[in-house]
Structures are given as C-alpha cells and as structure tokens.
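Open the model in your viewer and keep the sequence panel handy. We'll go stop by stop, with something to select at each one.

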Amino acid sequence: MIKPYNTYVVLSAPEEGGKQDVQRSGIIVLNQHAPKVVQGKVLAVAEDTTAQVSVGDTVLYHRAMGNEVELGNETYILLKSTEILGSV
C-alpha cells in the first residue's frame, strides 16, 4: 500500500474499460464519451493533511487530475486533497 505525504490522498482507480486509446505515434486520445468527473474510494490519507476526508469515503474528482500508479496488479490514484471536488 502507498503511504501518502503532504496533502496527498490515495484513491482506488475507477473501474472502466477503454478510457483512452494510444496511437502508433504515442499520442494518447481520451474517450470523448467517458465521464469527466469520476468516483474513487479513499484508501489512505496523509497524516499532515487538513483534508476533510477519511479512509473509506467515496469522493469525486476530475479525470485529468492526479497521478495513476500501478503496484502489482492494482492501480491507484495519487491526488492532492485540494483536487477533490466532493464526496458521495
């Protein structure tokens, strides 16, 4: 599991297929029909953050924000707590 620092939180990656397409030239083309705001479950919160979320919360964030990290067979999103739009 990833231990976030500063103002970061770790989210589960949204389960979806075909969100992007990689061209032969290496250009990434996002699926136009994919939702721009997605949900993620909070898996870890940095100790020194003032985020108003806690582990287990389901939050909304913009698809273009955060960093996707793959560890083993799992994919996680590292996101600044200030980039969280709201909770569900």
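Predicted model: local features only at pLDDT ≥ 70, side-chain atom pairs only at ≥ 80, totals over all residues.

How many helices and how many strands are there in the protein? Color by secondary structure and you'll get zero helices and eight strands, where helices (H or I, at least four residues) and strands (E, at least two) are DSSP runs numbered from the N terminus. Along the sequence, the pattern reads β-β-β-β-β-β-β-β.

Residues are numbered from 1 along each chain as its sequence is written, and side-chain values use heavy atoms, with hydrogens and water left out.

Now color by pLDDT, the predictor's confidence in each residue, from 0 to 100. The mean for the protein is 85, and 82% of its residues reach 70 or more. Select residues 20–22: this is strand β2, where confidence is lowest, at a mean of 65. Confidence is highest in β1, at 94.

**The sheet**

Next, show the strands as a cartoon. Six of them form an open sheet, in the order β6-β7-β1-β4-β5-β8, with antiparallel pairing. Two strands count as paired if DSSP finds at least two bridges between them. The edges are β6 (67–71) and β8, each pairing on one side only. From one strand to the next, the twist averages 45°; that angle is taken between the N-to-C directions of axes fitted to C-alpha atoms, on a scale from 0 to 180 degrees. As a reminder of what holds such things together, strands of a sheet pair through backbone hydrogen bonds, either parallel or antiparallel.

- Residues 67–71 and 74–80: β6 and β7 pair in the antiparallel sense over five bridges. Val-69 has Tyr-76 in β7 as its bridge partner.
- Gly-72: the hairpin of β6 and β7 has two residues between the strands, and Gly-72 takes a positive phi near 65° there.
- Residues 8–12: this is β1, joined to the antiparallel β7 by five bridges. Leu-11 stands opposite Ile-77 in β7.
- Residues 37–45 and 58–62: β4 and β5 run antiparallel, joined by five bridges. Look for Val-38 opposite Tyr-61 in β5.

**The core**

Which residues make up the largest nonpolar core? Show side chains for Val-9, Leu-11, Ala-13, Val-38, Val-42, Val-53, Val-59, Tyr-61, Ile-77, Leu-79 and Ile-84, and you have its 11 residues. The elements giving two or more residues to this core are β1, β4, β5 and β7. A second, separate core of five residues includes Ile-2, Ala-44, Tyr-76 and Leu-78. A nonpolar core here is a set of buried Ala, Val, Leu, Ile, Met, Phe, Trp, Tyr and Cys residues joined through side-chain atoms within 4.5 Å.

Center on Ile-77 for a moment. Leaving aside neighbours within four places in sequence, Ile-77 is in contact (heavy atoms within 4.5 Å) with residues including Val-9, Leu-11, Ala-13, Tyr-61 and Gly-66.

Select Pro-4, in the segment before β1. Is Pro-4 buried or exposed? Pro-4 is buried, with a relative accessible area of 6%; buried means under 20%, exposed over 50%, and partly exposed in between (1.4 Å probe, protein chains only). Beyond its neighbours within four places, Pro-4 contacts Val-9, Val-10, Ala-44, Val-45 and Ala-46. The C-alpha atoms of Pro-4 and Leu-78 are 7.8 Å apart, although 74 residues separate the two along the chain.

In that segment before β1 you'll also find Asn-6. Asn-6 is partly exposed at 49% relative accessibility, and its phi is near 55°, a positive value in a residue other than glycine.

Ser-81 is buried, at 14% relative accessible area. Residues up to four places away aside, Ser-81 touches Thr-7, Tyr-8, Val-9, Thr-49 and Ala-51.

**Zoom out**

Of the 88 residues in the protein, 26% count as buried. Among contacts with a separation of 6 or more, 60% come from residues 24 or more positions apart.
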